[in-house]
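Dear colleague,

I am handing over the structure below, and after it I set out what was found when the model was examined. Please keep it open beside this message as you read.

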Number of protein chains: 2
Amino acid sequence: MINVTLLGCGGGMPMPFRNLASLLINYKGRKILIDCGEGTQVSMRLAKSGFKSIDIICITHIHGDHIVGLPGLLSTIGNSGREEELIIIGPEGIKDTIEGLSVICPYLPYEIKVMESPKKNLKFELKDKFELTNDYSDVEISMIDLEHSSPCLGYGFYINRKRKFDVDKAVNNNVPKILWSKLQKYNSYEFEGKLYFSDMVLGNKRRGLKLSYITDSRPIDSIKEFIKGSDLFICEGTYGSDDDIEKAIKNKHMTFREAASLAKEGEVKKLILTHFSPSLIEPDQYIENGKEVFKNTILGSDRMEENLTFK
Amino acid sequence: MINVTLLGCGGGMPMPFRNLASLLINYKGRKILIDCGEGTQVSMRLAKSGFKSIDIICITHIHGDHIVGLPGLLSTIGNSGREEELIIIGPEGIKDTIEGLSVICPYLPYEIKVMESPKKNLKFELKDKFELTNDYSDVEISMIDLEHSSPCLGYGFYINRKRKFDVDKAVNNNVPKILWSKLQKYNSYEFEGKLYFSDMVLGNKRRGLKLSYITDSRPIDSIKEFIKGSDLFICEGTYGSDDDIEKAIKNKHMTFREAASLAKEGEVKKLILTHFSPSLIEPDQYIENGKEVFKNTILGSDRMEENLTFK
């Protein structure tokens, strides 16, 4: 099971009535944060979340409402006692940005590894914390280039479900008992000159969980394939009214209806709308614009939680 | 009259129950802001304050809790339609800091003039906005070097009270009537080959208003002279309990009692305590530690307002 918390659902500017869009993913006590506008760390406190266990921060793009809170958060993570390396993933320009922002948090008690616009999926194994791996991954993070007014990444998270141990298969494949537990951990293992594979002891592959997070962008075609079959699709809906379509095109955002169309064509299970314009005081007035296209559309709200469980 | 609003009273980290220490001075519709931690612009919205009329931002020091909100605020000021130059005053290092932070607000519709650790008082005349002047000033800003873990400035604000026009004096000094209004505006004016001075038509000098803002610092002696006779002294009291004196010394802060001692020796009229440690949940438990030393000590609170009027 993973728990996701929408720390905020606003775009543009921090407002008293709504935090800026940000998502916290919690998997077995370790955390991945997406975006960090001004106020994100306060929302984390309200959500009773700790700071020390944030292993990965994904930044969608370098606009203030998605990144102003980062230096303050990095300091707070430092104050929480973290000493392990922290990974920051972001679009083109993220390295210079982190360097620029470090003027106000120059001394952190941990290292930061910045991964600028990675060209392939990143695999993470959950040990004491999320660690980069080339092998079996607990969580795989994928990126997509979005269409916004600055380089912007959408993120996909695939949470692998472990395969069951199959006694009959192990016996049929003549795998010595002494290797049974090892082959549940490693892809292969050499024993007395012979190579054994995890496939020899594990049952069928099982579907994991897929979570997609898209903001800020126009609804380009490539998003549909990227989000295909997501258990949860969190997508920007900066504008609620269909009448705001011109604003959406001009400012490189989406309307509720456009986000819902992506959800439908991407055959996701559920859509949560987020990143509402500061002028959109009551987004519930426009929810039908989304529901008409994709029934399981719901409005995000600050600190709304969702638990995704393996079926 | 000037109006001051404590936008927040916290130190260290932004907390859900308390904004970070920041002060907004409003004089005839134009604004001076002191410090801008994460959340300051949200507190300004809660205080129903506009953004366009902020002419001067004074930064005490370059620690996250006093400056993280600056790039977001600068963007919001830009969105408010400001096109006039904005002045930022700060300690040693402020120029590099503003340059570093500009990675997340690279395109602002106005110029920023950064004044790093000015060596003399700055005089401002209030025209359409606060403008630097060498002549008559409406507001004079003075700086003092504090004792903190990074270069830190305390700020003094002296609001001049205009002298009254004195008809008898003007007549006795044989000032032609045509110059009476001019000499209320200019220090001197030449007319028909003769130089006239404002002193020839104006009554006695009148006491203005003095406001002092000190955070973060140990209570060094030089502060007493700097704040002498202030109508309002806003001072950090990071720790309430006298038992925290060692922490105060180590972290270069003050206890309530130390701040009150400064207020007493500086012969100020009123002390407001601010910049409470995140661990100081209920500062009112310790207010007597201040009042015992200086009776007119009060606790700051978010968006507390004070109006200072000429006597």
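**Around the annotated active site**

Asp65(A) has its place in helix α2 of chain A, where helices (H or I, at least four residues) and strands (E, at least two) are DSSP runs numbered from the N terminus. Before going further, please note that this is a predicted model, in which local features need pLDDT of at least 70, side-chain atom pairs count only at pLDDT 80 or more, and totals for chains, interfaces and linings use all residues. Residues are numbered from 1 along each chain as its sequence is written, while chains are lettered from A and ligands numbered from 1 in the order in which they are written.

The UniProt annotation "active site", from an unreviewed entry, covers Asp65(A); UniProt positions are given here in the numbering used for this model, with shortened feature names, and such annotations may be inferred rather than shown by experiment. Is Asp65(A) buried or exposed? Asp65(A) is buried, because 26 other C-beta atoms lie within 10 Å, and the terms mean that a residue with 20 or more other C-beta atoms within 10 Å of its own is buried, one with 12 or fewer is exposed, and one in between is partly exposed, with C-beta atoms placed from the backbone. If neighbours within four places in sequence are left aside, Asp65(A) is in contact with Gly11(A), Gly12(A), Met13(A), Leu20(A) and Gly37(A), contact being C-beta atoms, placed from the backbone, that lie within 7 Å.

**The annotated binding site**

The UniProt feature "binding site", also from an unreviewed entry, is placed at His61(A), His63(A), His148(A) and Asp216(A). These residues are spread over 156 residues of sequence, yet they cluster in space, with a largest C-alpha distance of 10.6 Å. His63(A) belongs to the loop between β4 and α2 of chain A and is buried, with 21 other C-beta atoms within 10 Å. Asp216(A), in the loop between β13 (206-214) and α6 (222-227) of chain A, is buried as well, with 27 such atoms within 10 Å. Beyond its neighbours within four places in sequence, the contacts of Asp216(A) include His61(A) and His148(A).

**The open sheet**

In chain A, seven strands form an open sheet with mixed pairing, in the order β6-β5-β4-β3-β2-β1-β17, where two strands pair if DSSP finds at least two bridges between them. Because β6 (112-116) and β17 (304-308) of chain A each have a single partner strand, they stand at the edges, and one side of each is left without a neighbour in the sheet. Strand β4 (residues 54-58) of chain A runs parallel to β5 (residues 86-90) of chain A and is joined to it by three bridges; Cys58(A) has Ile89(A) as its bridge partner in β5(A).

**How the two chains meet**

A rotation of 180 degrees, with 0.0 Å of shift along its axis, superposes chain A on chain B with an RMSD of 0.1 Å, using least squares on the C-alpha atoms of residues with pLDDT of at least 70 in both. The two copies are therefore related as by a two-fold rotation axis. The C-alpha of chain A nearest the axis is that of Gly100(A), 2.1 Å from it.

How many residues of chain A are in contact with chain B? There are 26, and they are in contact with 26 residues of chain B. Since 100% of the interface residues of chain A are also interface residues in chain B, the copies meet through the same surface.

With best wishes

Note on methods
Two residues are in contact if their C-beta atoms, placed from the backbone, lie within 7 Å.
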